[in-house]
Every structure is written in structure tokens, then in C-alpha cells.
Amino acid sequence: MKPHILIAGAGPVGMVSALVLGKAGIAVTLLEGAPGLSMDLRASTFHPPTLDMLARYGLSQTIIPQGLVARYTQQRDRSEGVIAEFDMDLLKNDTEHPFRLQCEQWKLTEAIKDQLAQLPHVKILFNAKVESVSQTADKVQLVAQQEGESLRLEGDYLIGADGAWSAVRRSVGIEFEGYTYPERFLVISTDFEYANHLPKLSYVNYCSDPKEWCVLLRVPTLWRVLFPTRPEESDEEVLTDEAVQARLQNLLAQPQPYKTIHRTLYKVHQRVAKEFRRGRVLLAGDSAHINNPLGGMGMNGGVHDAFNLSEKLLAVIQQGQDVSLLDRYERQRRTIAIEYINASTARNKAEIEERDPVQRKKTQDALRATAADPAAARAYLRKSSMLDALTRAEAIA
Ligand SMILES: Cc1cc2nc3c(=O)[nH]c(=O)nc-3n(C[C@H](O)[C@H](O)[C@H](O)COP(=O)(O)OP(=O)(O)OC[C@H]3O[C@@H](n4cnc5c(N)ncnc54)[C@H](O)[C@@H]3O)c2cc1C
């Protein structure tokens, strides 16, 4: 029997895994609960090493023209403006892509879908919601619901890439350890051109403020503005036109109301699954770790999981390497999720929301000094671009 891999979830992580495995000739069945690929405006930043990985499959070449090349990132203060600007070109000897790509994540999954259409041994089943998982010593089975019918499938391995609420993770009983922030995050997108009003704005701007920090991110047609909300505000209150306009006007007063295109309010968590591997079931992406969006590491870390895991599965299936290699996937990627992704994003949040003026000044002085010194700035960028995380993962046996 030819090897067959099951994947739950057709987000960026499930789709990248399907492509890497499918291109190597492995039969893949990918089950997606929704009727089609998500077009939601979620992650919008691709970090340099992610672009390096995706370029091996021609994907960076497809998405770069559909996005914006962000050479600079800024740390700003809502009152003072630019505190520090980092030039990602300092990474030109570290990566083939010394920039962030500002591009909606759905453009990646669409590009992968086009490539998967050329691989008859990779099947995507839409409206197929995985409900439960079981396994024996040499196979894994799942039950899914597809348009009212029960679907039973068997494979050699199952990748649970079914997002934060992963049915795969819950079905095998893996704990999702961590916490949920009391405040929710509000993302508003608008066609208003901030760059015409805020001097020297880059495409990626983290704006600290003791009262209400924000992040201003450019995607090709819109600006996305991320705000924290207060725990005592209800969802309904936050999403009213008045409250949305008040937040935008408070950031930059304008004579006319802002035209808003999307409003998303979501809970934010810092959680990591206690195990990334349970026998023949492997977790990757949001099903394995979730974090706040400050630093743009969620989707990127998930794509790094997908490459690491798929390449190890290929080594086990096609090159006869010992199955214990899959434990190295867990050791590498779980360590990165805890020590690097969760730790950095939690630190980014603590810094941007800091209220103590002495501590704020200390952080801002340190940022200015780092940006002014090319060696220190490169070290900073290697970390914030997730290059160091990959070097660290490689060092884990
Ligand atoms: C508003 C918002 C903004 C974000 N901004 C950023 C950012 O700027 N940078 C960044 O790096 N990350 C960001 N993220 C996080 C990023 O979107 C996720 O990390 C990324 O989508 C994870 O990919 P994934 O494939 O693991 O999971 P998902 O993209 O969640 O995909 C999981 C898929 O599984 C499907 N599914 C779920 N349950 C089942 C089931 N039982 N059976 C079958 N299919 C199922 C879902 O329909 C979905 O298609 C953001 C997230 C949100 C919500």
C-alpha cells in the first residue's frame, strides 16, 4: 500500500504541508470544514525566512507581486512619532528576502490551491469537518461529517492543522496550556491613506502609548489598524460606528468620518499544546500554538512547523528514517513556540502597552541605540524576523 497522509484544515499550515508532501509524490487527503478556502483578512506579514522556504516551491515568486515589499519597520510613539526605524536590508547576507512582505494570507493559500490542482494524488475535501480521531500501531483513522454523511478515512499519519479550536487536538486529549488576555483586539481596515498624514510612516508601524497603543499595517489596498479594547467594554459597544470612529479620530483627527472596510474583534491567547505528537497524530500551526499578533509570528511560525514536519515525514516514509525523528519535530518546534514565539510576542505586548514613564523612556532609548548601530540592528532584526528561531531549532537534537 502506498503511504497516505491525512490533513485536517486547509489554512496556510495544512495547505503548505499538502504541497510539500504532494510534490514529493505522497498521497494526501486534506479535509476542510468550510465550503472553500478562507478569504478572511488575517495574517498580513510574511517574514524573510518564510519567504525563503516558500520560494523553493515558487510561491514567494507568486505572492511577492501581489503584496508590498516592506524594507523598513518602525517603532513609534503615538505622541512623538518615530522612535526607531529598522532597515531590513541589513539582513541581505542572512536571507534571500531581506524584507517583510505585506500580503494577505489568503493569497498564499490560493496560490497553493492552484499548484495542488496539478497533483491528482492530493485531494481536498471541502465541507468535511473532522470530528474524531483514533489510531492503532500502524494506522490512524478519522471520522468526519461531510454534508450530513459520516466519512471514515484511514491514513499512515494525520496532521492536525485545524486551527486554534482543533478537533484533532481535543479528540486525542492534548492540553492547550497557557492563558487568554482579558482584553480583546480590534482590527479596523480603512482605505484612508495614513502615509499622507503621518510623517515618515513605513508599512509596518508599532505605536506605543500609555493609554491606547496601536499597530498600523499596510496591505496593498488598505491600512489595518489594531487596537486593544478595554476588558469592561462589551463586543457590541466596541463595534458600534461611534466607538470605531472615536478610536480612529483619537488616533488622527479628521474633518470627515473614516470609511471602514472590515472590523474584526477577537480574543487573544498565549497557548502551546502540551504535546505536538501523539503517535501518528501531529499538530502544527494554530492547533499547536497561538499567540498575540504583535510581531506577526503566528502564521509564520505555523508555516515553519509545516515545512519541518513535512520534511521529517518524508524522511521517515521515503528514506526509511526511524519514526522517532518525529519526536525531534516536537522538541524543535514546541521549544520555539514556548521560548521564542510566545516569549517574544508577550514581551512585545508588555513593551508597547507600558505605562510607567521611566520604563517607557528606557525601552525607547534602547530601541534608538539599537537602530543606530548596524550590528545591533542586524541582531535585532534576525530575532524579530524569526531567523534566530530557526537557527535555534536546528541546534536541537
Ligand atoms: C484577526 C487575526 C489577525 C491575525 N494577524 C496575524 C498576523 O499579522 N501575523 C501572523 O503571523 N498571524 C496572524 N494571525 C494568525 C494567523 O492567521 C494564524 O496563525 C494562521 O491562520 C494559522 O494557520 P493555520 O493553518 O494553523 O490555521 P487556520 O488558518 O486557522 O486554518 C485552520 C483551518 O482548519 C479548518 N478547520 C477547523 N476545524 C476543522 C475541522 N474540525 N475539520 C476540518 N477543518 C477544520 C478551518 O476552517 C480553517 O480553514 C491572525 C489571526 C487573526 C484571527
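Of the 35 residues around the ligand, those that come nearest are Gly9, Gly11, Gly163, Gly285 and Gly298; a residue is near a molecule or strand if its C-beta atom, placed from the backbone, lies within 6 Å of it. The structure is a predicted model, in which local features need pLDDT of at least 70 and side-chain atom pairs count only at pLDDT 80 or more, while totals for chains, interfaces and linings use all residues. Residues are numbered from 1 along each chain as its sequence is written.

Two or more residues of the shell around the ligand are given by each of helix H1 (12–23), strand E9 (128–135), strand E17 (260–273) and helix H8 (298–319). Helices (H or I, at least four residues) and strands (E, at least two) are DSSP runs, numbered from the N terminus. H8 gives the most to this shell, with 4 residues. By class, the shell comprises 15 nonpolar, 15 polar and 5 charged residues, where Ala, Val, Leu, Ile, Met, Phe, Trp, Tyr, Cys and Pro count as nonpolar, Asp, Glu, Lys and Arg as charged, and the others, Gly among them, as polar.

H1 has 12 residues, and the distance from its first C-alpha to its last is 16 Å, close to the expected 16 Å at 1.5 Å a residue; the expected span is 1.5 Å times one less than the number of residues. Because 11 of its 12 residues are buried, H1 is largely enclosed by the rest of the structure. A residue is buried if 20 or more other C-beta atoms lie within 10 Å of its own, exposed if 12 or fewer, and partly exposed in between, with C-beta atoms placed from the backbone. Among the buried residues of H1 are Pro12, Met15, Leu19 and Gly22. The cover over the buried residues of H1 includes strand E1 (4–8), strand E2 (27–31), helix H4 (105–116) and H8. After H1 comes glycine 25, with a positive phi near 95°.

Strand E17 also takes part in strand pairing, for which DSSP must find at least two bridges between two strands. It pairs with strand E13 (residues 176–190) in the antiparallel sense over 12 bridges, and tyrosine 266 in E17 is the bridge partner of phenylalanine 185. E17 is also joined to strand E20 (residues 289–290) by 2 bridges, again antiparallel; here histidine 289 in E20 is the bridge partner of valine 272.

An open sheet of 3 strands has the order E3-E7-E4, with antiparallel pairing. Its edge strands, each pairing on one side only, are strand E3 (45–46) and strand E4 (68–70). E4 is joined to strand E7 (residues 100–102) by 3 bridges, and alanine 70 stands opposite arginine 100 in E7.

Definitions and conventions
Contact = placed C-beta atoms within 7 Å.
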